[in-house]
Amino acid sequence: MTISKQELQINEEIRDKEILVIDADGTKLGVLSAKEAQQMAYDKDLDLVKIAPQATPPVCRIMDYGKYCFEQQKREKEARKNQKTVAIKEIRMFSTIDTHDFETKVNQATKFLEGGDKLKVSVRFRKRAIAHPQLGEELLERFKEAVSAVGTVDKPAKMEGRSIVMFVAPKAAK
């Protein structure tokens with residue numbers, strides 16, 4: 001089981017001859033041998049942690065490593081909690097949709113866009129309706145006007161197989 005993702009060297013793992021030591025309160029103690037710094041950390045019941053191995057001399061800090069790892073995990077958890085995931089919702093219609101059904105789809109789309117989700121609006125063509133793609137384009141144009149208050153077209157209408165697809169993104173909150 002790993003405690004930290006960025007594998008830091010602690011205590012006996014530090015093999016450098018000379019290191020720059022920083023105390024627990026942030027004061028520089030100067031360049032010391034690894035054994036001296038290790039002894040100082042043991043005297044204070046703390047750990048010696050190499051925080052900048054690429055520096056010359058490497059920088060080590062005297063700190064409570066367990067507490068440090070716990071705080072790192074807490075910060076990562078907080079960052080994940082505040083992260084917003086944008087889902088792509090799909091609205092499917094047919095080229096021969098009725099007015100009430102169209103209004104229902106618009107209401108659903110408005111709800112999705114207000115929730116911060118992106119929309120994929122597709123108009124499918126059945127059988128011989130594929131001969132009239134302008135009907136689908138007109139339908140998407142009507143849909144775009146209907147949701148213009150809460151969303152903007154991200155990708156314009158494009159024919160994909162037997163359907164026309166358009167992407168709508170929510171308007172930025174002001």
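Q: Buried means under 20% relative accessible area, exposed means over 50%, and partly exposed is the range in between, using a 1.4 Å probe and protein chains only. Why is Asp 45 called exposed?
A: Its relative accessible area is 72%. That lies over 50%, so Asp 45 counts as exposed.

Q: What kind of model is this, and how are its residues numbered?
A: The model is predicted: local features need pLDDT of at least 70, side-chain atom pairs count only at pLDDT 80 or more, and totals for chains, interfaces and linings use all residues. Residues are numbered from 1 along each chain as its sequence is written, and side-chain values use heavy atoms, leaving out hydrogens and water.

Q: Why is Asp 23 called buried?
A: Its relative accessibility is 11%. That is under 20%, so Asp 23 is buried.

Q: How many salt bridges does the structure hold?
A: It holds six. One of them joins Lys 81 and Glu 78 at 3.7 Å, N to O. Another joins Glu 90 and Arg 92 at 3.5 Å.

Q: What separates Lys 81 and Glu 78 along helix 2?
A: They are three residues apart in helix 2 (residues 65–81), which means about one helical turn. Lys 81 is exposed at 61%. Glu 78 is partly exposed at 39%.

Q: Why is Arg 92 called exposed?
A: Its relative accessibility is 55%, over the 50% cut-off, so the label is exposed. Glu 90, at 37%, is partly exposed.

Q: How do you know that strand 6 and strand 8 pair?
A: Two strands pair if DSSP finds at least two bridges between them. Strand 6 and strand 8 have six, in the antiparallel sense. Leu 119 stands opposite Val 168 in strand 8.

Q: How many bridges join strand 7 to strand 8?
A: Seven bridges join strand 7 (residues 151–160) to strand 8, and the two run antiparallel. Gly 151 stands opposite Pro 170 in strand 8. These strands form a hairpin with two residues between them, where Gly 161 takes a positive phi near 65°.

Q: Why is strand 8 called largely enclosed?
A: Six of the eight residues of strand 8 (residues 163–170) are buried, so the rest of the structure largely encloses it.

Q: What makes strand 3 largely enclosed?
A: Five of its six residues are buried, so strand 3 is largely enclosed by the rest of the structure. It pairs with strand 4 (residues 59–63) in the antiparallel sense over five bridges. In strand 4, Val 59 is the bridge partner of Ala 52.

Q: What lies between strand 3 and strand 4?
A: Their hairpin has six residues between the strands. Pro 57 is placed in this loop. The peptide bond from Thr 56 to Pro 57 is cis, with omega near -15°.

Q: Where is Lys 127, and why is it called exposed?
A: Lys 127 lies in the loop between strand 6 and helix 4 (133–146). Its relative accessible area is 74%, over 50%, so it is exposed. It has a positive phi of about 45°, although it is not a glycine.

Terms used
A salt bridge is a side-chain nitrogen of Lys or Arg within 4 Å of a carboxyl oxygen of Asp or Glu. Helices (H or I, at least four residues) and strands (E, at least two) are DSSP runs, numbered from the N terminus.
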